[in-house]
Amino acid sequence: MVNPNNTPDYEAVAAGLDRWRQVPNEVLRDVVMRRGLCLWGLWPAQEPDWDDCAPSDRRLAARLCAGCPVIEQCLELELRMAGPCTTGVWGALAEGDRRALHPIWQRRRHQQDGTDQEGGRSS
Ligand code: SF4
């Protein structure tokens, strides 16, 4: 999904999440809980070198989430639930990248929902 050596294309990542826009939180939560690799203790074949990776590291996020079948659902849910206060690794992105992604994702949602930045209906 994201090359850990480069800054993610936040616009592209946010656009890729549009498909989950109308999926309720509880449905996303259920699918992540049932299928998320880390939630089942299914680590990648080559476990990250934990001493070499800070929790915010892109490489750690990419390796930890490699092969997970619910990366997009996990990322969408984390953006909704934690917003700009997100921490740790979720959705194959480091927290700094999710914090940078959040306002872009949020702007798209406001535009799609016909709301302004304060949540009110736009004309
Ligand atoms: S995307 Fe990563 S953090 Fe989310 S459930 Fe999958 S392995 Fe866990």
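View 1. The shell around the ligand is made up of 13 nonpolar residues, two polar ones and no charged ones, where Ala, Val, Leu, Ile, Met, Phe, Trp, Tyr, Cys and Pro count as nonpolar, Asp, Glu, Lys and Arg as charged, and the others, Gly among them, as polar. Among the 15 residues around the ligand, those that come nearest are Gly36, Cys38, Cys65, Cys68 and Cys74, a residue being near a molecule if its C-beta atom, placed from the backbone, lies within 6 Å of it. Residues are numbered from 1 along each chain as its sequence is written. Because the model is predicted, local features need pLDDT of at least 70 and side-chain atom pairs count only at pLDDT 80 or more, whereas totals for chains, interfaces and linings use all residues.

**View 2. The packing of α2 against α4.** Helix α2 (residues 25–35) and helix α4 (residues 71–81) pack at an angle of about 135 degrees with their axes 9 Å apart; helices are DSSP runs of H or I with at least four residues, numbered from the N terminus, and axes are lines fitted to C-alpha atoms over the stretch in contact, with angles from 0 to 180 degrees between N-to-C directions. The two helices α2 and α4 are therefore oblique to each other, the class left over once angles under 35 degrees (roughly parallel), over 145 (roughly antiparallel) and 65 to 115 (roughly perpendicular) are set aside. Asn25, Leu28, Arg29, Val31 and Val32 of α2 meet Gln73, Cys74, Glu76, Leu77 and Arg80 of α4, contact requiring C-beta atoms, placed from the backbone, within 7 Å. The residues of this contact of α2 with α4 comprise five nonpolar, two polar and three charged.

View 3. The buried residues of α4 are Ile71, Gln73, Cys74, Leu75, Glu76, Leu77, Glu78 and Leu79, and their cover includes α2 and α5. Gly83, which follows α4, has a positive phi near 55 degrees.

**View 4. Val89, in the loop between α4 and α5 (95–113).** Val89 is buried, with 25 other C-beta atoms within 10 Å. The C-alpha atoms of Val89 and Leu75 are separated by 9.6 Å, although these residues lie 14 residues apart along the chain.

Methods
Two residues are in contact if their C-beta atoms, placed from the backbone, lie within 7 Å. A residue is buried if 20 or more other C-beta atoms lie within 10 Å of its own, exposed if 12 or fewer, and partly exposed in between; C-beta atoms are placed from the backbone.
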